[in-house]
Amino acid sequence: MAEQKATNITWHEGSVSRQERQKLMNQKGVTVWMTGLSASGKSTIACILEQMLLNRKKQAYRLDGDNIRHGLNKNLGFSAEDRAENIRRIGEVAKLFADAGVIAITSFISPYLKDRDAVRASAGTGEFIEVYVKVSLEAAEQRDPKGLYKKARAGQIKGFTGIDDPYEAPTKAEIVIDTETTKPDAAAKQILDYLERGGYLAA
Ligand code: ADP
């Protein structure tokens, strides 16, 4: 993936450990990685989850597809190469948040298995929770909250995931949510319960 360009750089250890930060915040930093088709419900569920965590006095921060493409990743498009770099950067940013003790919730289509697995591999054990936000293409097209599927079908958007670009479903997601049978609140609660059971909401 991304080549190491700079040389003569060394990692500088600080004196405050991750454990100490976690203790201070009474929670464990982790990346909650939501993946799924456009309109599957990633952003909707991420927002509810963030609010639920805040209500529990837990610090969470959402990294959301379109928002990140306005700033950090504004120089990236939707080619396979750019999508890979997009996901790599998000993964690195989420990792920093998690290291700071925050629960980082990412909502990106992230269609390629290889790109998601690279983020997983770069995270520490138990620090990457993949959430497959599942929906059929038919249902996603019916929702179409931003009218994107309509545009893609009309040929106005090229390389749209699910239409003329692939979506590779997770094979080992920690959590699978079928949004055709699970309401947004229940979906967010399912993730919250996973975090609770996994001991992430305490230090
Ligand atoms: P994504 O971030 O995956 O592109 P969004 O959350 O932006 O998806 O949009 C999903 C749309 O589907 C919203 O309009 C939401 O209200 C609707 N929706 C219907 N049922 C569900 C569900 N069970 N879970 C999440 N979203 C749902």
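Is Asp99 buried, exposed or partly exposed? Select Asp99 to start: at 31% relative accessibility, this residue counts as partly exposed. Keep in mind as you go that you are looking at a predicted model.

Arg18 is buried, with a relative accessible area of 16%.

Next, select Asp165 and Arg83. Here too you will find a salt bridge between side chains, with an N to O distance of 3.4 Å. The two residues come from distant parts of the chain, 82 residues apart: Asp165 is in the loop between helix 7 (148-153) and strand 5 (175-178), while Arg83 is in helix 4. Both Asp165 and Arg83 are buried.

Now look along helix 4 for Arg89 and Glu85, which lie four residues apart, about one turn of the helix. Their side chains form a salt bridge at 2.8 Å, N to O. Glu85 is buried, its relative accessible area being 18%.

Across the whole structure, a search finds 14 salt bridges.

Last stop: Glu13, in the segment before helix 1 (18-25). With 62% relative accessibility, Glu13 counts as exposed. Show Trp11 as well, and you will see its side chain in a polar contact with the side chain of Glu13, at 3.5 Å.

Note on methods: Residues are numbered from 1 along each chain as its sequence is written. This is a predicted model: local features need pLDDT of at least 70, side-chain atom pairs count only at pLDDT 80 or more; totals for chains, interfaces and linings use all residues. Side-chain values use heavy atoms; hydrogens and water are left out. Buried means under 20% relative accessible area, exposed over 50%, partly exposed in between (1.4 Å probe, protein chains only). A polar contact is a pair of N or O atoms within 3.5 Å; within protein, one must be able to donate a hydrogen and the other to accept it, and residues adjacent in sequence count only if both atoms are side-chain atoms. A salt bridge is a side-chain nitrogen of Lys or Arg within 4 Å of a carboxyl oxygen of Asp or Glu.
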